[in-house]
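Me: I'm new to this one. Could you show it to me and then take my questions about the labels?

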Amino acid sequence: MVKESIQLTEASIKLLAAGSKNLAAFLWALAKDNKRLVGKTNMARLLKEGKELKVFRVKESDLAEFQVFAKKNVLYAAVKDKRSDSGMVDLITNADFVSQVNLFMERRGYPAPVQGESPKKDGPRAQRDSFSPQRGNTSNPSQRRTSTAEPTSEKPSVKGRLAALQAASESMKTAKTPQGRSAPPKAR
């Protein structure tokens, strides 16, 4: 009985060691990958996410206050142009945090962002009416096709080809039957 309890204790210690080793490897990988949800980060992290990025400009004097605000609310990267001494800093964040940054900007008295037309909302390429040149029809009544007119293209229509084939078939039937005799009855 003592021997079995020692073996059981040994097996549980081995399992605990293997589990803690795997947990440590998982935590190390998570720490290396920098899985930060909010706060200051670098541009590589923002670009790696693959989401749309938005840029906001704030005064350098407001940057410290923004950092306090963003520590709990926004994932961002602050970029300052060292060649320029305009006193402005670019705050870059992904589209998920735009509303929080707009809230901060509004409270600090910055103007509201200008919303421009996005290229995705352009009008359709082809006209929506039934007489569109892109579809082959025209809005000019003299150039419209009618159902009784023959098509102007070189390729005959299916109805025309079908009528020609039926006429050829009928002429072949009458040519095969001798004159004076009637055609054999059709099978039902």
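**Helices and salt bridges**

Reply: Helix α3 (residues 63-70) and helix α4 (residues 98-108) have axes that come within 11 Å and cross at roughly 140°. This is a predicted model, where local features need pLDDT of at least 70, side-chain atom pairs count only at pLDDT 80 or more, and totals for chains, interfaces and linings use all residues. Residues are numbered from 1 along each chain as its sequence is written, and side-chain values use heavy atoms, leaving out hydrogens and water.

Me: Why is α3 called oblique to α4?

Reply: Angles under 35 degrees count as roughly parallel, over 145 as roughly antiparallel, 65 to 115 as roughly perpendicular and the rest as oblique. The crossing is at roughly 140°, so α3 is oblique to α4.

Me: Which residues in α3 and α4 meet?

Reply: Glu65, Phe66 and Phe69 in α3 meet Gln100, Val101, Phe104, Arg107 and Arg108 in α4, where contact means heavy atoms within 4.5 Å.

Me: What makes Arg57 and Asp90 a salt bridge?

Reply: The term asks for a side-chain nitrogen of Lys or Arg within 4 Å of a carboxyl oxygen of Asp or Glu. Arg57 and Asp90 are at 3.4 Å, N to O. Arg57 lies in strand β2 (residues 53-59) and Asp90 in strand β4 (residues 88-94), so the pair ties together parts 33 residues apart in sequence.

Me: How do you know whether Arg83 is buried or exposed?

Reply: Buried means under 20% relative accessible area, exposed over 50%, and partly exposed in between (1.4 Å probe, protein chains only). Arg83 has 80%, so Arg83 is exposed. Its salt-bridge partner Asp81 counts as partly exposed at 39%.

How values were computed
Axes are lines fitted to C-alpha atoms, for helices over the stretch in contact, and angles run from 0 to 180 degrees between N-to-C directions. Helices (H or I, at least four residues) and strands (E, at least two) are DSSP runs, numbered from the N terminus.
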